[in-house]
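Please read these points with the model open beside you.

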Amino acid sequence: MRFQQEPPYAHGQAPRTAVVYCNLGTPDEPTAPALRRYLAEFLGDHRVVEIPRALWMLILHGIILRVRPKKSAAKYASVWTPEGSPLKVWTEKQATLLRGYLGERGHQVTVRYAMRYGNPSIASVLDELKAQGVNRVLIASAYPQYSGTTTASVFDAVALWALKTRQIPEFRFINRYHDDHGYIEALAKKIRSHWMHHGQSEQLVMSFHGVPERTLELGDPYHCECHKTGRLLAEQLGLAKDRYKVTFQSRFGKAKWLEPYTEPTLVALAQAGTKSVDVVCPGFTNDCLETLEEISMEAHEAFMHAGGEQFQYIDCLNDSPDWMRALTDLTERHLQGWPTQAADDPTALKASRERALTLGAKD
């Protein structure tokens, strides 16, 4: 394997630190050709679909990529904004805000966002940072709950880039924060604010992205971490067990996925006499196709058609100040010990050391 061309090594170069905020990804535009490219990369990942490779490639390229892109493009078009895909818009804004929040705390670090599938790719962002002389990189995942289908795939992308790199930067990873107090509190405040302005429904449905049930049997912690998030959030909100449900959405294919499924649960609630529901998606840190189209449109329609009278979708964390402070806290903790100030700023360096000692004492 050939290594990619690198800039000449510079002796005595001041250390530089960067944060790469990684999300799942999005097509470049809501068209069938763009969706075909995106889905080929996404569904071609062995972490996402764990069936024999040769068989799956025949199914993917022979059937799915001939049929699904056009349907998916129509769904994306229904939520597309003038600035682009909602997931891209929110991810970019969160990365920009994270840099600002870190800067207010005295950290002079580069912050970029990257997509596991689509653009900007993780590899392209790492190339850019390396060209700028960055030698320490914190990979911050947008996924609160760890899963081999998502979090581990981000690690794969970093590792594949490193295979072609002669001088590899130091890496750290934020793998999970499903039970982080700041994250839970930010969710709770978002829901309380919604209730204050729109009233509280009979049931709160917490819908997480689904994965095949087989992943749980093989040791993936995702299912347990989703339920822990749900329990902690309910406790923070003071909800009794009969006032909320944890469900899973976005099932794909014929295999059994984690249950209960979101839409059938909502239909069953309506048929049993529940007239009003609030639905929140705690596993998504920003709104995207799965929340805006699948939940706010499709699930909404299914609940009302089954006899429900009021369906309220509660926005994701997006750019809420509580979430941005929580994300900054997480990032700051994982940056401990790395230089995050200009080398010629002794006051800032001293403050950084004092902050690190304080955070270390709290941990």
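Which residue in β8 stands opposite Asp278? The residue is Gln312.

1. This is a predicted model, in which local features need pLDDT of at least 70, side-chain atom pairs count only at pLDDT 80 or more, and totals for chains, interfaces and linings use all residues. Residues are numbered from 1 along each chain as its sequence is written, and side-chain values use heavy atoms, with hydrogens and water left out.

2. Strand β7 covers residues 276-280 (helices, H or I of at least four residues, and strands, E of at least two, are DSSP runs numbered from the N terminus). Because 5 of its 5 residues are buried, β7 is largely enclosed by the rest of the structure (buried is under 20% relative accessible area, exposed over 50%, partly exposed in between, with a 1.4 Å probe and protein chains only). Ser276, Asp278 and Val280 point one way from β7, Val277 and Val279 the other.

3. β7 runs parallel to β8 (residues 310-314), joined by 5 bridges; strands pair if DSSP finds at least two bridges between them. β7 also pairs in the parallel sense with β5 (residues 203-209), over 4 bridges. Here Leu204 stands opposite Asp278, and Met206 stands opposite Val280.

4. In β5, 6 of the 7 residues are buried. β5 is also parallel to β6 (residues 244-249), with 6 bridges, and Val246 is the bridge partner of Met206 there.

5. Glu128 lies in helix α4 (residues 122-131) and is partly exposed, at 32% relative accessible area. Its side chain makes a polar contact of 2.9 Å with that of Arg112 (a pair of N or O atoms within 3.5 Å; within protein, one must be able to donate a hydrogen and the other to accept it, and residues adjacent in sequence count only if both atoms are side-chain atoms).
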